[in-house]
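Let's sit down together and learn to read two kinds of features in a protein model. Bring your questions, and we will take them one at a time.

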Amino acid sequence: MSGEEQFKKIISHCKEYGFIFPSSEIYEGLAAVYDYGQNGVELKNNLRLFWWKSMVQMHQNIVGLDSAIFMHPKVWKASGHVDGFSDPMIDNKDSKKRYRADVLIEDYQGKITAKIDKEVAKAKERFGEKFNLDEFLTTNERVVNYTKEITRIDEVLKAALEMGELSKIKSLIEELEIVCPISGSKNWTEVRQFNLMYSTQMTATDGESELYLRPETAQGIFVNFLNVQKSGRMKIPFGIAQTGKAFRNEIVARQFIMRMKEFEQMEMQFFVKPGTEMHWYSYWKQNRMKWHQALGTHDQNLKYHDHLKLAHYANAAVDIEYKFPFGFKEVEGIHSRTDFDLGKHQEFSGKKLQYFDAETNQNFTPYVVETSIGLDRLFLLQMCENLVEETLENGETRTVLKVNPVLAPYKVAILPLVKKDGLPEMAEKIYNDLKFDFNCFYEEKDTIGKRYRRQDAIGTPFCVTIDYDSLEDQSITLRYRDSMEQKRIKIEELHRFLSHEISWKNLLDKV
Ligand code: ATP
């Protein structure tokens, strides 16, 4: 199956099984805005909880925060978002479509990379076992030229972005003869910067002021640094974690929930003593990769992408990328942000945001190492990694969402074999016993086979079937989602079994 086909399947699965719906669908939807359905909200809540537990519950020196979406407008001036948070955009005059100019160029580079991949595949076939990838990449003339061209484009683009020379980006698009994917024409406007923040008005007694919907959750943490440090008597190094909605006017919203206008972030700012930031940067870089691996994501689908060009406030930055069906893309960023943010807020607010170190009797502005992950992208990662189609021995296929049991929307489905003779009553009793500790699904309709398939598709790790024997021996049939193995187990043992199999400890222990 091609990446594109796989991705289409995931999107339609999300809709069919109540994970994700387009926003306001009965009104034709709203571009790049999505709603989470009955199963989606459970999976999303569980992912958020796993992040929260790993950060806050597992670290003595990390605490949480829930700051407001609205903030004083000066916050965004201080953070640099008012002046600098923008994307270079270009319009095609024929299709009237707007594109991110840098993305058009990156897509062009992607096409060259695909040519390299093709050459490699051909050579692999030709040379068989003797094929040496490194040697091929450095000696094959065509491939060497392709690589040189990618690097040259990179350099021109980076220099233009750094210097804010938008006309040079336009020239590069012209030179590479990039055409609009819709109209096929090269009839482009100039490149212009568009700010990504949404603004709105707040009415107060002394008039109106312009407010922004936060484009990231991090600033709520910075402005509360002293409040938390003082009220919690926190000693450096310590962290503040927060999850919440962020809003960006992404003009080119693509790829389902990968790039949304309203999305959710999970960010943790770790405040450290200047000079120790590289130690903590490398600690969090490793810790976050381990966290993704603990969820069962395969190593070959995860990689680091070090930032070669650093933002002006950062002294080190890396992304954790996942191999989505459309290629490796960022899921999470780990950034060493120096004292830029606290420094700027001190400057703009006129308030000291410093830490008093009792050991050295000195005040200093802490440095910050942040980890920042998009909850929606993580959700998409889980879908791409765990939604599999299997062919069974009888030739039928089944679709299974093999997420970690702790994350599954429902932990157990309670299924009376038939809708009569006391079986539903017995099943309801089991449901009522388990529901306090586990999210249970109850269903009486359809054949048991169909009911199993539906539970597989939404990722329920265990099904419990109550049959006529159950009335006699107080046992049920327990079915495993992944192996489809079935076994009889006493009803009185069910709670202990589920507690053992669905354990936060097992998952958190791996991080
Ligand atoms: P990108 O380069 O993909 O636009 P970014 O570098 O701007 O992302 P950050 O500002 O570092 O992203 O935000 C941290 C995380 O928030 C990202 O790693 C991503 O998971 C998530 N994120 C950012 N923008 C969006 C969006 N528009 N929709 C969904 N998730 C997003």
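Predicted model: local features only at pLDDT ≥ 70, side-chain atom pairs only at ≥ 80, totals over all residues.

Q: Which way do the side chains of β16 point?
A: Happy to start there. The general idea is that side chains in a regular strand alternate between the two faces of the sheet. Here, Tyr367, Val369, Thr371 and Ile373 point one way from β16, while Val368, Glu370, Ser372 and Gly374 point the other way.

Q: Which strands pair with β16, and in what sense?
A: One partner is β10 (residues 262-272), which pairs with β16 in the antiparallel sense over 8 bridges. Another is β13 (residues 327-338), also antiparallel to β16, over 6 bridges. To find your place on screen, look for Val272, whose bridge partner in β16 is Tyr367. Then look for Ile334, which stands opposite Thr371 in β16.

Q: Now for charges: how many salt bridges are there in the whole structure?
A: Side chains of opposite charge can pair when their charged atoms come close. A search of the whole structure finds 34 salt bridges.

Q: Which salt bridges does Lys170 form?
A: Let's take two partners. The side chains of Lys170 and Glu174 meet at 3.6 Å, N to O. Both residues lie in helix α8 (residues 166-175), 4 residues apart, or about one turn of the helix. Lys170 also meets Glu190 in a salt bridge, at 3.2 Å, N to O. This pair links distant parts of the chain, with Lys170 in helix α8 and Glu190 in the loop between α8 and β6 (192-195), 20 residues apart.

Q: Why does Lys170 count as buried?
A: Lys170 counts as buried because its relative accessible area is 9%, and the cut-off is under 20%. Its two partners fall in another class: Glu174 is partly exposed at 46%, and Glu190 is partly exposed at 49%.

Key:
Residues numbered from 1 in each chain as written. Heavy atoms only, no water. Buried < 20%, exposed > 50% of the residue type's maximum accessible area, 1.4 Å probe, protein only. Helix = DSSP H or I, 4+ residues; strand = E, 2+ residues; numbered from the N terminus. Pairing = 2+ DSSP bridges. Salt bridge = Lys/Arg side-chain N within 4 Å of Asp/Glu carboxyl O.
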